[in-house]
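Dear colleague,

Please find the structure below. A short account of the findings follows it.

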Amino acid sequence: MSFAYIKGMTWGWVGHADTWDTPEAEHSMREMAKLGINWTAIAFQGLQSDPHATTIRFNEPPMVSDNEVTVAIDRAHAMGLKVCLKPVVNCADGTWRAHIDFPDDAQGNEPSWSAWFASYSEFILHYAHIAETTACEMFCIGCEMVAADRRANEWRSLIERVREVYHGPITYNCNHHQEEKVTWWDAVDLVSTSAYYPETEWKERVPVLRAFAQSVGKPVFFMEVGCPSRKGSAQKPYDWTHPGAVDLEEQAQFYQTMFDAMENESWFYGFMLWDWPSRLYPREEAAHNRDYCMYGKPAEDIIRSFYASR
């Protein structure tokens, strides 16, 4: 399976109800397209109450509706962008999804992996059907499910079921430093990762990823990577709670370092950067914004220039 270089951006996270089918959302996507991107990951959440719950809710407030998802996909396609549809499960109590976990030998009425995967499969297959009917060019079956990664048989079974519904390429978005630990990469079409590596780690990590890509024999790209515009975030780009003050240059330097590190890696298929909200802050307020979005910040020009060079 052959893929062109992915010059992408993640749009819409986390998918709040009544925020995607709006003039503000259309404006946001149009401004995003000006970066010279060719892909967008349309990302949104389903919710379970806590990391040990086995019921996942979706397509109801406070989450986006199916209609809003379809509107976003159609809008991106109308702008000439390819779409990776990316439904992600979150915990309503704030626990990171990596900690969704159950005993491997759960008994009786205990919460179990089988009960959770039954609900998760319903969630994923629902959106796989939407991805098929809207002609999405890629579908992501999961994101940063570190504890669940070990359940290879369940993931393989889910992928088989997704392929009955969706006929495009499938990826799974593992967490950084988990690339070599997932044992079922052969079941997907593309390998993707949340590559939130500290700025000082890129030189040592790239050779490891290069060797990993050679061993897995699949296209590899970064489904998530980015850095908040905050002092100290370049060393903790994964930490959205980091309390640093606004630092636009630190964000810009992170991107420059990463692009320089990945520029000549022939095995690498590109980026789906993190992230671009459905409602942008006013451009004139960019100098005071501490979030991942690079709209109106120095990093925006670095990204646009790099994408133009690919």
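A residue is called buried under 20% relative accessible area, exposed over 50%, and partly exposed in between (1.4 Å probe, protein chains only). This is a predicted model, in which local features need pLDDT of at least 70, side-chain atom pairs count only at pLDDT 80 or more, and totals for chains, interfaces and linings use all residues. Residues are numbered from 1 along each chain as its sequence is written, and side-chain values use heavy atoms, with hydrogens and water left out.

A salt bridge is a side-chain nitrogen of Lys or Arg within 4 Å of a carboxyl oxygen of Asp or Glu. By this rule there are 19 salt bridges. In one of them, Glu-60 pairs with Arg-57, their closest N and O atoms being 2.7 Å apart. Glu-60 is partly exposed, at 33% relative accessibility, and Arg-57 is partly exposed at 34%.

Helices (H or I, at least four residues) and strands (E, at least two) are DSSP runs, numbered from the N terminus. Asp-301 and Arg-304 form a salt bridge at 3.0 Å between the closest N and O atoms; both lie in helix H7 (residues 298-309), 3 residues apart, about one turn of the helix.

In helix H4 (residues 152-165), the residues Ala-152, Glu-154, Trp-155, Leu-158, Ile-159 and Val-162 are buried. They cover an arc of only 155° around the axis, which puts them on the same side of H4; the arc is that of the directions from the helix axis to the C-beta atoms. Asn-153, Glu-160 and Glu-164, on the other side of H4, are exposed.

Terms used. Expected span 1.5 Å × (residues − 1).
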